[in-house]
Amino acid sequence: ATSTMAEAKVTAPGSTGTNEFGDLREAQLAHEGMKLILCSKLTDAERFFSKYRKLSPRLHAGYSFSLFIKAVMNFEDDDLETAYNTLESTEKFCNVEAGIFSSSEKKEKVSKLAPHEKLLRRSIIADCLLLEAVTVFLRQSVASYVKGGYIIRKAWKQYESIVRDMEKLCSTPSPLKLDLSNQLVSARSLGGSREEELESHASSTNDRDVPPDVSNGLIPSTGNGKGSPIEDQPTTLNSNGEGPCSESKDGNKLGKDQSVESLDSLSQISLNSPIQYLDHPDNQLRASVYFGFGMMNVSLSLIPPKLLKLANLLGFRGNRSLGLQALEFCSQSQDMKAPLARLFLLWYHTIIRHFFALDGNQNAGCSEALRLLEDSLKYYPTSAIFLYFRGKVHYLEGQLEEALAAYDHAASSCKGQQEVEHICLYEKGWVHFLRLEWQQAFPCYTRLKDETRWSACYYCYLAAILAGMSGDLDESLKLFLQCCKLVKRKNNLEKFCSRRASIYKKGKTGCMSTEVFLQAVEVIYLWRALPCCSTENKEEILTMLQSDHFNVVFNKCYDCIYMYLVGVSTCTWWVCLHVPGGCVYMYLVGVSRLVGGHLLLDVSVDLNMSGCKTFHTCLKALLCGSILVDCAQYEEAERCLREVLNFESELKNDKHIPAFALYEMAVIRIKQEQYSKASRLLHQAKEAYGGYEFEARLNFKVHSTLTALEEDGKI
């Protein structure tokens, strides 16, 4: 049945404003656009928001957000620039400051804005600044880091000011405990358990001046009286994919070229939306503000320890618990950013907590992620983005078969949306990698190398390793050489990959097959993926590393180099002593070889074979030790790790090996409840080495472990 105008005009208790119906339709439209994004229809979402973006700040922001999401998924420079420019235009559109030289028309328009509306616009401006900083950071240059830092500080000052003004304006109690005199420093259940935080959030939600169904994220339907979720109905597109198949009161559809000039004209559009009235204005405002405010707090809490003091001097203060509660509030609201808040929480629980070892537990965050996914997949069963996160949860729990199925399902659900498909393809390749299925993983990374512009060097390096593990050393050599030419961003990741690949610049080495195996296991270890491997696969890797064949291949390789050098030296002296003019002859040969850059260059490199042997020995010992630690065989693991530390002075370019060895030794001491020794080892790992590629990654792990020990009162 068609909804009538009277039915649509129902508003929430306590709502204010002069155009409640227009605000309601605006909220419904914003949710329709967000559904398109969540269903991996980014192009359709872009068209949809573009059509209505001039109607209101919220819809204009929706257009900018759709372009931003597309840009961060594919890392294309052109898309990042477009997203940045569009975010800037949204800033101007939302501007509530009427300057001295502003027109009288604008001054009059600004003066008529309600206080809630002004703060809402300011929150959108702050969101735009935050996202602009992200697009700038992704360009990964010194200039971009400086510019991004300036923008993000500007955003942070905006959020501080907005939250302070909002709490003075709102008549209902805040769900977060804010100390406005000393900025934003505490959360209601700071230091409490996750269950207490959620309970606190639920109680604060129920205290609002809104009906109980709304507090639980449910809106009463106008039909049978049953509550239906905010994002319950599927989005309907017209035949051209230009937006919803909208009809006027008279049943006439809006064509794709028909423009919508004002909020009043939204009455022509009939959307089957579950949002039948708006939430309390205070809750609408808080939900909008808490999205960016929560993201800022969580992100700032993840700043590397070395930059933390500088960040505090610049006025940044990140409170992770406060940020997570703010995002929880937003994720259960009617605001169009609620699904984005849910995605950010999923990203934090499934990727950040694991990657930076924030909890020291592989499965940390899985329960929270499953709670979020249970609600989300109920309403978006075919959303590739949520299916992707379900695969991440399976991955973290070591259920690689289920993870692979989830990624396949996600990839098939986003046909034509290449950005999401590439993310799923990367994860599928990684699952095959951990299952030691080298041939299945290989095409994933060769395709990514060819189709994406983000770090083709990294994908090429993985493909080279997989080709070597599959037995095709010629293809592996070709890809290693190509890897060195694909360096573009010159970040630590690409520096590491190109440095590892450069050892094959002169061709295959005598022990290339075993070197490639070491590189494969090293990647698994440095990406913190060992705990996700099955016990059988870890045992297989360990058996290979400890096998006599593995050691014999390396020893034979080094023996051949040694005999080659001895042979060159003996031949040289025999010619000089026994052949007339031999000294002159050898001098000329030496010069010609030096100019040609062959023999003498080879000899100069191979003279460092003791350093190469030390590197391979130490890397193998670190990998064996880390696997043994993961398998709780601490005595054998310590023996391997001590072997690394005995030779650490001979490692010139791979200081991450002894640094990670110290961290693994500290983990053993924690398991043995020798906390003071563990603390000393952690500080040594953090302070004794520097300048290596994975320093920030290790420092995060060290910082998180030390913080956990301090909070538990163990040090």
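How many helices and strands does the chain have? In this predicted model, the chain has 32 helices and 2 strands. Its length is 715 residues, and 53% of them count as buried. The accessible surface comes to about 31900 Å². Carbon and sulfur atoms hold 53% of that surface. Among contacts with a separation of 6 or more, 67% join residues 24 or more positions apart.

Aromatic side chains were examined next. The structure holds 22 aromatic pairs. One of them joins tyrosine 525 and phenylalanine 660. The ring centres of tyrosine 525 and phenylalanine 660 lie 5.6 Å apart, with the planes at 75°. The pair is therefore edge-to-face, since planes over 60 degrees apart fall in that class. Distant parts of the chain are linked by this pair. Tyrosine 525 belongs to helix α23 (residues 512–526), and phenylalanine 660 to helix α30 (residues 656–671). The two residues are 135 residues apart. Both tyrosine 525 and phenylalanine 660 are buried.

A charged group also meets a ring. The charged end of arginine 697 sits over the ring of tryptophan 527. Its distance from the ring centre is 4.8 Å.

Glutamate 475 was considered separately. This residue lies in helix α21, which spans residues 473–485. Its relative accessibility is 24%, so glutamate 475 counts as partly exposed; the buried class requires under 20%. Beyond its neighbours within four places in sequence, glutamate 475 is in contact with Phe442 and Ala467. Alanine 463 is 12 residues from glutamate 475 in sequence. The C-alpha to C-alpha distance between alanine 463 and glutamate 475 is 9.4 Å.

Methods:
Residues numbered from 1 in each chain as written. Predicted model: local features only at pLDDT ≥ 70, side-chain atom pairs only at ≥ 80, totals over all residues. Heavy atoms only, no water. Helix = DSSP H or I, 4+ residues; strand = E, 2+ residues; numbered from the N terminus. Buried < 20%, exposed > 50% of the residue type's maximum accessible area, 1.4 Å probe, protein only. Contact = heavy atoms within 4.5 Å. Areas by Shrake-Rupley, 256 points an atom, 1.4 Å probe, with all protein chains shown as cover. Phe/Tyr/Trp six-rings, centres within 6.5 Å; stacked < 30°, edge-to-face > 60°. Lys NZ or Arg CZ within 6 Å of the ring centre and 35° of its normal.
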